[in-house]
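My entries follow the structure.

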Amino acid sequence: MTNAEARALDIKIAEKLFGYVRCDAWEHTMTKDESYQLTKKPCEHEHCYPAKDVGGTLGPIGGPPAYSTDIGHAWKVVGELTRLSNVDLLSAGREGWSVEIDAMFYATAPTAPEAICRAALKAIN
């Protein structure tokens with residue numbers, strides 16, 4: 001999965017599962033040590049994320065969390081799904097990681113976070 005594909009998957013999860021919307025009320029500013037900082041202005045959204053990613057030395061800054069590539073964020077997806085569904089299986093095999101939700105929605109991917117996100121999208125669509 002390319003970085004662009006991963007970010008597109010992250011956006012779908014943020015919007016469809018968590019109800020986030022893109023918002024321009026976020027500002028990227030450069031700090032004295034030449035790193036980016038995000039600050040949010042008041043807006044009308046209950047849940048929003050920065051409309052634009054800014055490339056950082058450790059990955060994208062802005063946009064939704066990296067649900068499809070970071071296991072910590074992927075577990076938030078699992079947590080939200082278990083509120084709504086039954087996450088039955090997470091296992092590693094020759095084909096990669098497999099996730100099954102409600103014994104109906106199944107996904108396999110090279111990494112656990114990607115498999116979690118792909119199964120989640122099938123379950124919530």
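I began with Trp-75, which is found in helix α2 (helices are DSSP runs of H or I, at least four residues; strands are runs of E, at least two; both are numbered from the N terminus). The model is predicted, so I kept its limits in mind: local features need pLDDT of at least 70, side-chain atom pairs count only at pLDDT 80 or more, and totals for chains, interfaces and linings use all residues. Residues are numbered from 1 along each chain as its sequence is written, and side-chain values use heavy atoms, without hydrogens and water.

I looked up the cover of Trp-75 and found it partly exposed, at a relative accessible area of 45% (buried is under 20%, exposed over 50%, partly exposed in between, with a 1.4 Å probe and protein chains only).

Which residues of α2 are buried? I listed Ala-74, Val-77, Val-78, Glu-80 and Leu-81. Seen down the axis of α2, these buried residues fall within an arc of 165°, so they line one face of the helix (the arc is taken from the directions from the helix axis to the C-beta atoms).

Next I searched the whole structure for salt bridges and noted four (a side-chain nitrogen of Lys or Arg within 4 Å of a carboxyl oxygen of Asp or Glu). One of them joins Arg-83 to Glu-80, with the closest N and O atoms 2.7 Å apart. Both residues lie in α2, three residues apart, about one turn of the helix. Arg-83 is exposed at 60% relative accessible area, while Glu-80 is buried at 16%.

I also noted the salt bridge between Asp-10 and Arg-7, at 3.0 Å from N to O. Asp-10 and Arg-7 are both buried.
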